[in-house]
Amino acid sequence: MGDPYLQNEVDIGDVGLAVGKAVVAFTVLLVAVMLMVWFERKVVSRLQNRIGPNVAGPFGLLQTLADGLKLFFKEDIIPTNSDRFVFKLAPYLSLVPAFLTFAVIPVAGDFSGGQVDAATGLPLERPGTVTIFGRETFVQVADVPVGILFFLAMSSLAVYGIMLAGWSSGSKYPLLASVRASAQAISYEAALGLSLAAVLLVSGSLSTIDIVNTQAAGGGFGGFTRWNFIVTGFVPFIVFVIAGTAELNRPPFDLVEAEQEIVGGFHTEYSSIRFAMFFLAEFMNTVTMGALIVTLFFGGPAGPNLGILPGWLWGFVWFFSKLLFFLFMFVWFRATLPRLRYDQLMNLGWKLLIPISLGWLLLLAGIRFARTDELDFADSAIGNTAIVMLVGVAGLMVGGLLLSMAARAARTDRLENEGLVAVPTRVLVEEE
Amino acid sequence: MVNTIVFAVAALVVVGGALGVILNTHPVRAALSLIASFFGVALLFVLQEAHFLALIQVVVYGGAVVVLFLFVIMLLGVDATEDLNVEPIDGQRVGALVVGAAVFGLLLAGLFVSGPGGDKGAVALTGQPSFTQAIVENPAFEEEPTDVDLLADDLFGRNLVAFEATALLLTIATVGAVVLVRNRGAEDLVVDEPGSATR
């Protein structure tokens, strides 16, 4: 429990290590954001038959740096109508949670299971640790005992940045955006939390490093059959990706900054470095969300140790490859999917994602209960599990049917109240 | 040493935030002060090694509840500074003062009863040993239970009925709120929901 180097009396060296880790993580995240912006522009360009940034540096790699410098030296405009204090505060409220979330993610470490102490030849007690300056530690800034809740807390705080930016600008389009942002964040946090609960259920821990450990246990080829996206049965993973994209305000859920409707959304009135901070926070959140999906569902740094490199570095290689895949996925979403309408967004969140993740959580809990010895429907644990699964799936289907019937009835009712001709139900289903 | 410093900082944030809530004439700034106050409380929870409670405090109160406040403030457009000389309910201020003084007095009394030398915490006020102590000594836990274990044991063991009753109450409240809104008349609703009016 907890990071090993903090188990004993904390001395000045431990404090130094903690500060050093934070600084390194911040730098890594900044560089990652720089590369991510380049990556996104480049991939989107290719998907749209363009070349993209190709002038600044090799392959246009330094384009982000150039843009950042440009933003730095631009004039910082604060609108007369704005609430000056909140207007200046809002970018920080966006940026700080974005960085803090990254602190709980283990980015490297040897989880291959075959880790042995070089001196004694005994297996190490704690997988995933490295030794820095004689101190054994995890490759993450902080091992918070309730790390996943820390992520939820930060993502629920991140909405303040957008909300207050929109409100304090003293202009109508940003205000519309901030109202949209708060409604969207509240709606999708529920689905996000429920799909997370499925992972917590099978992992039995709230700590990120323990979640990685349970996925890495069992050895094998990186033990990838133990990864949570298989163990929890795909559905929580899909719900998490959708809700996570919505939480990031990335396309197709970018109603908050829908430029065709509300100019630039919440950051319309922002310029110069304050605008850059929102931009930075957005991409930091994207990288962190990708890293979190990897940690929760794809075993984080867990993967086979293929030799040549030291074990902890393989952890980083696996983590980074998995992360890259999900970052590409986010970019792909952006280039492919058209933006959702507001009512579609709410329908998807409340009528589909939340019921599905809630039902799936119940099913998973039931199956776990069936594996214990406390049930005796059948002679064996497998028989119990099969019966529970059958009953559970049947129950979920009945629930889903009731829900869709209720939704349909409400809709027909509303249309009749409007005095419109009743539309055939088949068409309505297709529209949803 | 470190604990004292953290406590001092957290206490400053809590009190400062609370003062900000009542002294700011601007509703949005008052809500922001409220968040600061909640954060201070969360910090105090961390100091007591109640990590779970600390983060729930941030997620639920700092995150959801104040977002809802701000949402309402923005939607209703009560940005403008309210006239503080108007009293919405007669005798409200005197009542608030009396209740506030009573709560403060109770807190002080609790502090004095449980002061140095006397019984601590729950024992001082109720004469009963605290639940937490009983759970920690429960042999069902093989290793030292974390705060999450303790909370789970309390909620889903000892207080299961109350917990489920609360869940039911909240569901009823939600359904009630929806029914109240829906009954206002269908024509209002059409305007509210984008995309529904055209089809």
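Buried area is the accessible area (1.4 Å probe) that two parts lose on being put together, summed over both. The model is predicted: local features need pLDDT of at least 70, side-chain atom pairs count only at pLDDT 80 or more, and totals for chains, interfaces and linings use all residues. Residues are numbered from 1 along each chain as its sequence is written, chains are lettered from A in the order in which they are written, and side-chain values use heavy atoms, without hydrogens and water.

**View 1. The interface of chain A and chain B.** About 2900 Å² is buried between the two chains, 75% of it from carbon and sulfur atoms. In chain A, Tyr160(A), Trp167(A) and Arg414(A) lose the most area to chain B, together 21% of what that side buries. Contact (heavy atoms within 4.5 Å) joins 35 residues of chain A to 32 residues of chain B.

**View 2. The salt bridge between Arg29(B) and Asp83(A)**. The rule (a side-chain nitrogen of Lys or Arg within 4 Å of a carboxyl oxygen of Asp or Glu) finds 1 salt bridge across this interface. The closest N and O atoms of Arg29(B) and Asp83(A) are 2.7 Å apart.

**View 3. The aromatic pair Phe237(A) and Phe298(A)**. Rings of Phe, Tyr and Trp (its six-membered ring) pair if their centres lie within 6.5 Å; planes under 30 degrees apart count as stacked, over 60 as edge-to-face and the rest as tilted. Here the centres are 5.1 Å apart and the planes at 70 degrees, so the pair is edge-to-face. Both Phe237(A) and Phe298(A) are buried (under 20% relative accessible area; exposed is over 50%, partly exposed in between; 1.4 Å probe, protein chains only).
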